[in-house]
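Please look at the sequence and the model that follow, and keep both in view while reading. The report goes through the contact between the chains, then the salt bridges, and then the nonpolar cores.

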Amino acid sequence: MTTHRIPILNWATKPDVSGNVFVEAYDVKASNDVWDRLVTIFNDTSTRLGLAGGFTIPKNYVSAPKIIVVWTATATTGDVVWDFDYRAVGGNDAESLDQTSNQESVTVTDTAPGAAHRRLEASMSLTAGNLAIDDEVEFEFFRDGTAADTMAAAAILFNLLFEYSDV
Amino acid sequence: MPTLSATELTELRQRLARTQATVNWNKTQINAAYQAVEDYIEDHKLEISAAIDTATSPIVLSNPIKKLLVAYYFVQKALRDGAL
């Protein structure tokens, strides 16, 4: 049994129109201007901020699907609420890619790092039976800035991963 | 006593957090801090206005000018060395 992780941020990734989710070079928020790769910023607001995207379920997918959020912040206190809404669409000329609702919505609340810029990992389990090999998964990934989200700084998203088992 | 709106608090939190390498407060704490400043200024704005009128007599600055004057003063004061 092998557990796999694949990145799901790609050419199809698009921030919402709020202006509070955007791509930025990491050295804007980092203290040491060494690693200036791109990250996605989810600003501190009191609203739900989204990043839309899509990916394909791999040929060796069998079970235990999860979404892994790799993130950090300059804050050292407070919680962030991450949501993942998705719909998996499969087949050839069988299902619509333009459906009106999500198939499942999952959430996780994670706490700010003990020291600024430490790597954090949060996971959300998906319903295994919702997914099948070659399905196109349409998703929206949110920072939900309403009541339970208490972190008073931007959340810095480094990666969004699909984890699964091949057994 | 006017209450700062969610949008106003969001802007204030973002402005402050962007200036810091590390943020060691949460939303509830910093929202309360901003509201405390709002409450104090509202309680004393007539005194500030009267003090400006005394200083500029015989001319009287308009209220919008007085607001800008005080705002620019606080921005500069925050950037000066030393305690608040």
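## A buried arginine

B:R13 has a relative accessible area of 4% and is therefore buried, where buried means under 20% relative accessible area, exposed means over 50%, and partly exposed lies in between, as found with a 1.4 Å probe on protein chains only. The model is a predicted one, in which local features need pLDDT of at least 70 and side-chain atom pairs count only at pLDDT 80 or more, while totals for chains, interfaces and linings use all residues. Residues are numbered from 1 along each chain as its sequence is written, chains are lettered from A and ligands numbered from 1 in the order in which they are written, and side-chain values use heavy atoms, with hydrogens and water left out.

B:R13 is found in helix α1 of chain B; helices (H or I, at least four residues) and strands (E, at least two) are DSSP runs, numbered from the N terminus. Leaving aside neighbours within four places in sequence, B:R13 is in contact (heavy atoms within 4.5 Å) with A:D44, A:T45, A:S46 and A:A152 in chain A, and with B:K27, B:I30, B:N31 and B:Y34 in chain B. With A:D44, B:R13 forms a salt bridge in which the closest N and O atoms are 2.5 Å apart; a salt bridge is a side-chain nitrogen of Lys or Arg within 4 Å of a carboxyl oxygen of Asp or Glu.

## Where the chains meet

Leaving aside neighbours within four places in sequence, B:Q14 is in contact with A:N20, A:N43, A:D44 and A:T45.

Between chain B and chain A the count is three salt bridges.

## A network across the chains

The side chains of A:D149 and B:K27 meet in a salt bridge, at 3.1 Å from N to O. This pair crosses between chains, from A:D149 in the loop between β10 (136-144) and β11 of chain A to B:K27 in helix α2 (residues 27-56) of chain B. Both A:D149 and B:K27 are buried. Salt bridges that share partners join A:D44, A:R143, A:D149, B:R13 and B:K27 into one network.

## Salt bridges within chain A

A search of the whole structure finds 14 salt bridges over all chains. In one of them, the side chains of A:E163 and A:R5 meet at 2.8 Å, N to O. A:E163 lies in strand β11 (residues 155-165) and A:R5 in strand β1 (residues 3-7) of chain A, so that the pair links distant parts of the chain, 158 residues apart. A:E163 counts as buried at 11% relative accessibility, whereas A:R5 is partly exposed at 37%.

The side chains of A:D83 and A:R48 also meet in a salt bridge, at 2.9 Å from N to O. Because A:D83 lies in strand β7 (residues 79-89) and A:R48 in strand β5 (residues 48-56) of chain A, the pair ties together parts that are 35 residues apart in sequence. A:D83 is buried, with a relative accessible area of 6%, and A:R48 is partly exposed, with 36%.

## The nonpolar cores

In soluble globular proteins, nonpolar side chains tend to be buried together. A nonpolar core is a set of buried Ala, Val, Leu, Ile, Met, Phe, Trp, Tyr and Cys residues joined through side-chain atoms within 4.5 Å. Of the 44 residues in the largest nonpolar core, A:W82, A:F84, A:F141 and A:F162 touch the most other members. Apart from this core lies another, of six residues, among them A:Y26, A:I41, A:A154 and A:I156.
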